[in-house]
Amino acid sequence: MRISGRRPLLLAVGAGVTAAALAAGMTSAFAATVFSDDFSDGDTSGWSKSGGTWTVDGSGVLNQSNAGSEAARQFAGQTSWTNYSVQARVRPTSFGSSSALVGLAARSTSSTKMYRLALLGSGRAELQAVNGSSVTAIGSAALGVGTGTWYTLRIETSGSTIRGFVNGTQIASGSNSLAGAGRIGLVTAYASGGFDDVSVDSSGGGTPTTPPPTTTPPPTTAPPTTTPPPAGWPTPTGSQKVDATIPVSGSFDGGLKRYYGIGDGGQSESQDPMFELAAGATLRNVIIGAPAGDGVHCEGNCTLINVWWEDVGEDAATFRGGTTYTVDGGGARSASDKVFQHNGSGTVYIKNFRVENAGKLYRACGNCSTSYQRHVVIDNVIVRNTDAIAGINTNWGDTARFSRITIVGDPNRETSICVKYKGVPKGSEPTEIGEGADGVNCLYSPSDITYQ
């Protein structure tokens, strides 16, 4: 799912809501946020629609405009989410009847089974347990709900206890065993409305993600005092054909000479690397031409400084052993699959880099013989004509942090920032399960991504 983060919430104060109550609601809303979407990216990627006519307008509001739809819904999140709180700003724009509704859903196990906090055409707000055509009211309050006004709705779930809040004030609470887990949803019935600033947090009593990282994700380092990634590609100072892998221990400085000649330039898994770095080795000022074989292999901790791949073969670099790997400067282009492959454990740091015409900049292995928890920190990177920046396996607790990412020439914002997979044993293929910032595995905010 492509989720850009959220803008500061603009909470509308309804009848009978005090400033103190509103402040309390805001404090609760930001506890351990694990999902957010403010629709400022202009689309509903990551949401699944069922009925209705849904569009994102120029102000970043998701609107459902078909007031004749009996059940219009957008769902997001995971069916395994249990104890959590979901909040959104909701604006009714028309009601077809007193029973028509615009609202928010939690623990949805299907398109017709959920907890729902509904703003009704009658002017009431009602917390409901919905099971097909059967609707049970857990509680309600007369709020004088009207069209054209923003309301902040919040549902908190903890065990069998369900609570509903409007503009920070609890309007209903009760015990119900309809559903113990499920996704979040935005809903209308014979009504139209707008939705914005959706967030999910763990203040309901548990964390709605499976699993969280079992090791502490690496912190986002302070932006280094370096120049931006180079605007162009370097001119080689010379060329050298390579017939066998070059082993590197200690430090190797290529003086920006082009090295080429291993492999066939394709995706064959059997190709040898151009350079093989022993644990602790540094490779700098190298241009890797075509054919490039399997690029660079790091057998332990390694550092790549100002290394350029003119035409990535199988992979640009594979991180196989060790716990810390750093790519500082340089660039890669023409990678039909991925640029950096992370097979070992630990953390890959990619900074001051540029990537062009690639599948993914980084991929944590999803079917290696050993299933490590892996992390990547990506900072100050220019991206052009690339499908995705990072792919990670959330079921193994992988994380990806992003800062100062510049995406060039992508007016439709088709480049995925962080793609989530379900890692599998060797011999099987991992499956894609979503994309976008979630505060747990994919870590970035809208300000971290710039489009040019």
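Residues are numbered from 1 along each chain as its sequence is written, and side-chain values use heavy atoms, with hydrogens and water left out. Because the model is predicted, local features need pLDDT of at least 70 and side-chain atom pairs count only at pLDDT 80 or more, while totals for chains, interfaces and linings use all residues.

Strands here are DSSP runs of E of at least two residues, numbered from the N terminus, and two strands pair if DSSP finds at least two bridges between them. Seven strands follow one another in the order β2-β5-β14-β7-β8-β9-β10, with antiparallel pairing. At the edges stand β2 and β10 (134–142), each of which pairs on one side only. On average, neighbouring strands of this sheet are turned by 20° against each other, direction ignored; the axes behind this angle are lines fitted to C-alpha atoms. Between β2 and β5 (residues 72–76) there are three bridges, and the two strands run antiparallel. Lysine 49 has glutamine 74 in β5 as its bridge partner.

Nine bridges connect β27 with β28 in the parallel sense, and valine 381 stands opposite isoleucine 405. Isoleucine 405 also stands opposite isoleucine 449 in β32, where β28 and β32 (residues 449–451) run parallel over three bridges. Two further parallel bridges join β28 to β31 (residues 442–443), with arginine 401 opposite leucine 443.

Turning to the interior, a nonpolar core is a set of buried Ala, Val, Leu, Ile, Met, Phe, Trp, Tyr and Cys residues joined through side-chain atoms within 4.5 Å. The largest such core has 54 residues, of which Phe275, Trp309, Phe340 and Ile350 touch the most other members. Its largest share, eight residues, comes from β26. Another core, of 44 residues, lies apart from it and includes Leu62, Val86, Val102 and Val440. Isoleucine 350 is in contact (heavy atoms within 4.5 Å) with residues including Val327, Phe340, Leu361 and Val381, leaving aside neighbours within four places in sequence.

Aromatic rings of Phe, Tyr and Trp (its six-membered ring) pair if their centres lie within 6.5 Å; planes under 30 degrees apart count as stacked, over 60 as edge-to-face and the rest as tilted. The count by this rule is 15 aromatic pairs. In one of them, tyrosine 259 and phenylalanine 275 have ring centres 5.4 Å apart and planes at 75°, so the pair is edge-to-face. Tyrosine 259 belongs to β18 (residues 251–260) and phenylalanine 275 to β19 (residues 275–277), and both residues are buried. Phe35, Phe39, Trp47, Trp81 and Tyr84 form one aromatic cluster.

Two loop residues complete the picture. Aspartate 38 sits between β1 (33–37) and β2 (48–50) and counts as buried because its relative accessibility is 1%. Its side chain makes a polar contact with that of serine 40 at 2.7 Å; such a contact is a pair of N or O atoms within 3.5 Å, where, within protein, one must be able to donate a hydrogen and the other to accept it, and residues adjacent in sequence count only if both atoms are side-chain atoms. Asparagine 367, between β26 (346–364) and β27 (374–393), is partly exposed at 22%. The side chain of asparagine 367 reaches the backbone oxygen of serine 428 at 2.9 Å.

Conventions. Helix = DSSP H or I, 4+ residues; strand = E, 2+ residues; numbered from the N terminus. Buried < 20%, exposed > 50% of the residue type's maximum accessible area, 1.4 Å probe, protein only. Axes fitted to C-alpha atoms, helices over the stretch in contact; angles between N-to-C directions.
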